[in-house]
Amino acid sequence: MNQALDALLDLLDLEQIEEDIFRGVSRSALVPRVFGGQVAAQALVAAGRTVPDSRPGHSLHAYFLRPGDPGAPIVYTVDRIRDGRSFTTRRVVAVQHGQPIFHLSASFQTYEEGLEHQAAMPDAPDPETLPTAAETLPRHLPGPVAERLIEARAAVDLRYADVPPWGTVGQPREPRSQVWFKTSGKLADDPLLHVCLATYVSDMTLLDSVLLAHGRGGWAVGDVVGASLDHAMWFHRPFRADEWLLYDQESPSASGGRGLGQARIWTQDGRLAVTVIQEGVVRVPR
């Protein structure tokens with residue numbers, strides 16, 4: 001396991017300071033605010049710590065309310081909304097400087113048999129044939145920017161199936177993007193940990209497809225400004241975040257200074273593991 005992954009796992013190992021109250025710290029990000037995927041993953045950790053292991057998470061719905069301060073701790077307060085026979089519901093509010101910055105509702109379910117079907121997995125190249133981030137980013141971004149982005153994502157092996165947005169600036173493309181990802185080392189057999197790490201990664205590239213439709217390179221090149229507004233995930237089937245996962249993303253709409261991304265996450269053997277939807281602010285600088 002590399003040092004970056006160790007640091008990310010430490011980030012997700014929240015300190016419990018009171019019953020149903022947890023505290024987390026942040027890591028530096030590419031922008032002067034807390035990375036949204038970090039806050040979402042930490043909030044899900046807090047919720048999961050109040051639920052029996054026999055009830056894995058099956059969905060989350062979240063709103064990003066204010067930019068987080070990376071220099072200050074984040075306090076997560078868990079509200080035990082409901083403990084039913086099959087489902088458990090939790091609400092988490094993340095607070096900094098006395099103000100809520102993030103709100104999460106999460107649901108957990110006891111495993112049960114039921115109807116079974118899924119969509120077909122889309123075609124995608126073998127992840128092992130694709131260039132790594134360390135090979136791709138310096139081709140398209142200035143050296144310092146590429147180095148910071150590589151460092152920020154060092155805990156995850158994330159590989160684009162096609163040229164990323166910043167590689168085709170000024171050339172509008174189909175609003176669809178595919179990346180393969182897995183953690184940069186093996187993880188413990190803890191289903192909550194794998195779900196939280198997928199939540200962390202899910203915020204990295206989901207709005208790429210919005211940028212592609214307009215030939216924009218994104219925050220890395222500064223031709224748009226933006227931030228996540230809300231985020232929803234449904235966890236359909238068990239998966240491991242330390243094995244290759246295909247993140248197939250598209251954007252059906254952008255308007256009013258906002259862009260919508262929707263995606264599915266597949267295991268390498270073709271099981272539909274997760275559905276993700278996110279809306280974000282996507283503005284062209286004036």
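How many bridges pair strand 10 and strand 11 (residues 258-267), and in which sense? Nine bridges pair them, in the antiparallel sense. The model is predicted: local features need pLDDT of at least 70, side-chain atom pairs count only at pLDDT 80 or more, and totals for chains, interfaces and linings use all residues. Residues are numbered from 1 along each chain as its sequence is written, and side-chain values use heavy atoms, with hydrogens and water left out.

## The sheet

Strands here are DSSP runs (E, at least two residues), and helices are runs of H or I of at least four residues, both numbered from the N terminus. Two strands pair if DSSP finds at least two bridges between them.

Twelve strands form an open sheet with antiparallel pairing, in the order 1-2-4-5-6-3-9-12-11-10-8-7. Strand 1 (15-18) and strand 7 each have a single partner strand and stand at the edges, so one side of each lacks a neighbour in the sheet. Direction ignored, neighbouring strands of this sheet are turned by 25 degrees against each other on average. For such angles, axes are lines fitted to C-alpha atoms, for helices over the stretch in contact, and angles run from 0 to 180 degrees between N-to-C directions.

| Strands | Bridges | A bridge or facing pair |
|---|---|---|
| Strand 5 (residues 87-96) and strand 6 (residues 99-109) | ten bridges | Gln96 and Gln99 |
| Strand 7 and strand 8 | five bridges | Arg159 and Trp180 |
| Strand 8 (residues 176-183) and strand 10 (residues 245-255) | six bridges | Phe181 and Leu245 |

Strand 10 and strand 11 make a hairpin with two residues between the strands. There, Gly256 takes a positive phi near 60 degrees.

## Strand 7

A residue is buried under 20% relative accessible area, exposed over 50%, and partly exposed in between (1.4 Å probe, protein chains only). Five of the five residues of strand 7 are buried, so the strand is largely enclosed by the rest of the structure. In a regular strand the side chains alternate between the two faces of the sheet. In strand 7, Val156, Leu158 and Tyr160 point one way, while Asp157 and Arg159 point the other way.

## Cavity and pocket

Both kinds of space are found on a 1 Å grid over the protein atoms alone. In a cavity, a 1.4 Å probe fits but cannot get out. A pocket is an open set of points with protein on both sides within 12 Å along at least five of seven lines. Lining residues have an atom within 4 Å of a point. Points are joined across faces, edges and corners, and a volume is the space filled by probe spheres set on them.

The structure holds one cavity of 30 Å³ or more. The largest cavity has about 50 Å³ of space. Its lining consists of Pro131, Thr132, Ala133, Thr136, Leu137, Arg153, Leu158, Arg159 and Tyr160. Helix 3 (133-140) and strand 7 (156-160) are the elements that give two or more residues to this lining. Five of the cavity's lining residues are nonpolar (Ala, Val, Leu, Ile, Met, Phe, Trp, Tyr, Cys and Pro), two are polar (the others, Gly among them) and two are charged (Asp, Glu, Lys and Arg).

The second largest pocket holds about 850 Å³ of space. Its lining has 23 residues; Tyr111, Phe235, His236, Arg237 and Pro238 lie nearest its centre. Strand 3 (57-64), helix 5 and strand 9 (225-235) each supply at least two lining residues. Helix 5 gives the most, with three residues. The pocket lining divides into ten nonpolar, eight polar and five charged residues.

## An aromatic pair

Four aromatic pairs are found in the whole structure. Rings of Phe, Tyr and Trp (its six-membered ring) pair if their centres lie within 6.5 Å; planes under 30 degrees apart count as stacked, over 60 as edge-to-face and the rest as tilted. The ring centres of Phe35 and Tyr200 are 5.1 Å apart and the planes stand at 85 degrees, so this pair is edge-to-face. Phe35 lies in the loop between strand 2 (21-24) and helix 2 (36-48), and Tyr200 in helix 5 (residues 191-205), so the pair ties together parts 165 residues apart in sequence. Both residues, Phe35 and Tyr200, are buried.

## Loop residues

Asp20 sits in the loop between strand 1 and strand 2. Asp20 is not a glycine, yet has a positive phi of about 65 degrees. Is Asp20 buried or exposed? Asp20 is buried, at 13% relative accessible area.

His97 lies in the loop between strand 5 and strand 6. The phi of His97 is also positive, near 50 degrees. His97 is exposed, with a relative accessible area of 62%.
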